[in-house]
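Work through the exercises below with the model open. Each task is followed by a stepwise solution.

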Amino acid sequence: MKYKVPILGIHGGAGNWDKRNHERALVELEKALERGYDEFKRGSSLEAVVEAIAYMEDCGGFDAGVGSVKNSKGEVEMDAGIMHGNTLRVGAVASVKVKNPIREALKVLKNGRHVLLVGNRGEESLVTIETSITSPLRSGDTVGAVALDKEGNLVAGTSTGGISGKLPGRVGDSPIPGAGFYATERVAVSSTGIGEIILRTLPAKEVDILVSLGISIDDSIRSVINKVTSIFGKDNIGMIGLDSKGFVSAYYNTIGMARGVKDSEVKRIYVFEGEL
């Protein structure tokens with residue numbers, strides 16, 4: 001569906017939402033949309049994406065930030081990445097223990113020297129402040145956002161606490177461009193699901209390739225999701241995407257995907273049925 005610029009789309013993860021607090025997810029998604037969209041008044045798509053994701057990291061209702069699940073040692077290790085499509089600038093962090101991984105990813109992007117920083121060395125070089133991470137209110141999935149501003153900047157970002165019980169040091173798809181997120185001058189895409197599968201298929205990059213061939217963002221995302229399903233089965237992936245013309249699409253092969261979109265006139269939020 002097409003929206004009026006500026007546009008912000010977000011997701012709170014694809015998975016079995018029948019077993020999760022989907023009513024709370026709807027409330028938190030709306031707040032994240034409002035928080036991120038407000039940034040268009042004074043900033044660009046970068047700020048809109050970061051603030052929407054930062055809200056979801058802080059609210060505790062998703063598997064990101066303070067709501068992150070724990071690894072096999074009972075510790076929290078988080079990943080995040082962000083990409084400015086028009087310039088192909090990227091910033092990402094992995095296996096970090098900070099309050100807002102997406103803000104640290106933005107620092108990497110703005111610094112420009114590197115693309116991905118991992119673990120304690122990344123935290124030290126970014127001069128971040130350690131914070132205590134609370135136990136998650138629920139076991140959920142990745143959060144992400146895509147945005148298009150009036151200057152035509154397309155941005156995609158993703159943040160996660162990973163999968164529950166993962167081995168220490170495990171890095172999923174969320175901080176990897178082309179997998180957990182990707183943006184060009186054509187599209188901005190954020191993925192969610194099982195990282196090990198997403199890393200093998202690079203679905204976010206595939207969406208950009210299909211759009212570059214003239215295929216719509218909606219057909220591109222559906223085609224990529226269907227391809228993953230044909231190889232690995234269901235219950236492993238969801239994606240939200242936005243193109244340079246203002247078309248937004250979201251698709252998933254799981255039991256629900258928390259998602260929403262907002263422009264200056266319209267706001268739509270769903271967990272189960274509903275088309276963005």
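**Exercise 1. In which sense do S7 and strand S8 pair, and over how many bridges?**

Solution. This is a predicted model.
Step 1. Find S7 and strand S8, residues 187-193.
Step 2. Read the pairing: S7 and S8 run in the antiparallel sense, over three bridges.
Step 3. Check one position. Ala183 stands opposite Ala188 in S8.

**Exercise 2. Give the strand order of the open four-stranded sheet and identify its edge strands.**

Solution. 
Step 1. The order is S7-S8-S9-S10, and the pairing is antiparallel.
Step 2. Look for strands that pair on one side only: these are strand S7 (181-183) and strand S10 (248-252).
Step 3. From one strand to the next it averages 10°.

**Exercise 3. Which strands do helix H6 and helix H7 lie across?**

Solution. 
Step 1. Helix H6, residues 203-212, lies across S7, S8 and strand S9 (237-243). Relative to S8, H6 runs at about 145°.
Step 2. Helix H7, residues 217-232, lies across S8, S9 and S10. Relative to S9, H7 runs at about 160°.

**Exercise 4. Is Ser220 buried or exposed, and what does Ser220 touch?**

Solution. 
Step 1. Ser220 has 0% relative accessibility, so it counts as buried.
Step 2. List the contacts, leaving aside neighbours within four places in sequence. They are Val207, Leu210, Val211 and Ile215.

**Exercise 5. Describe the surroundings of Asp243, including the backbone nitrogens close to polar atoms of its side chain.**

Solution. 
Step 1. Asp243 belongs to strand S9.
Step 2. The cut-off for buried is under 20% relative accessible area. Asp243 has 8% relative accessibility and therefore counts as buried.
Step 3. Not counting residues up to four places away in sequence, Asp243 touches Leu148, Leu154, Arg186, Val187 and Ile217.
Step 4. Turn to the side chain. A polar atom there lies 3.0 Å from the backbone nitrogen of Gly246. The backbone nitrogen of Phe247 lies 2.9 Å from a polar atom of the Asp243 side chain.
Step 5. Take one longer span. Asp243 and Glu39 are 204 residues apart along the chain, and their C-alpha atoms are separated by 20 Å.

**Exercise 6. How do H1 and H2 pack?**

Solution. 
Step 1. Two packed helices are described by the angle between their axes and the distance between the axes.
Step 2. For H1 and H2 the angle is about 145°, and the axes are 8 Å apart.
Step 3. The crossing of H1 past H2 is right-handed.
Step 4. Name the residues that meet. H1 contributes Arg24, Glu28, Leu29, Lys31, Ala32, Arg35 and Gly36. H2 contributes Ala48, Glu51, Ala52, Tyr55, Met56 and Cys59.

**Exercise 7. Which residues of the largest nonpolar core touch the most other members, and which element supplies the largest share?**

Solution. 
Step 1. The core has 40 residues; Leu8, Ile10, Met56, Phe62 and Ile82 touch the most other members.
Step 2. The largest share, nine residues, comes from H2.
Step 3. Apart from this core lies another, of 37 residues, among them Val146, Tyr182, Ile198 and Ile217.
Step 4. Inspect Ile10. Beyond its neighbours within four places in sequence, its contacts include Leu29, Ala32, Ala52, Met56 and Ile240.

Methods
Residues are numbered from 1 along each chain as its sequence is written. This is a predicted model: local features need pLDDT of at least 70, side-chain atom pairs count only at pLDDT 80 or more; totals for chains, interfaces and linings use all residues. Side-chain values use heavy atoms; hydrogens and water are left out. A nonpolar core is a set of buried Ala, Val, Leu, Ile, Met, Phe, Trp, Tyr and Cys residues joined through side-chain atoms within 4.5 Å. Buried means under 20% relative accessible area, exposed over 50%, partly exposed in between (1.4 Å probe, protein chains only). Helices (H or I, at least four residues) and strands (E, at least two) are DSSP runs, numbered from the N terminus. Contact means heavy atoms within 4.5 Å. Two strands pair if DSSP finds at least two bridges between them. Axes are lines fitted to C-alpha atoms, for helices over the stretch in contact, and angles run from 0 to 180 degrees between N-to-C directions. A polar contact is a pair of N or O atoms within 3.5 Å; within protein, one must be able to donate a hydrogen and the other to accept it, and residues adjacent in sequence count only if both atoms are side-chain atoms. A crossing is left-handed if the near helix is turned anticlockwise from the far one by less than a right angle, and right-handed if clockwise.
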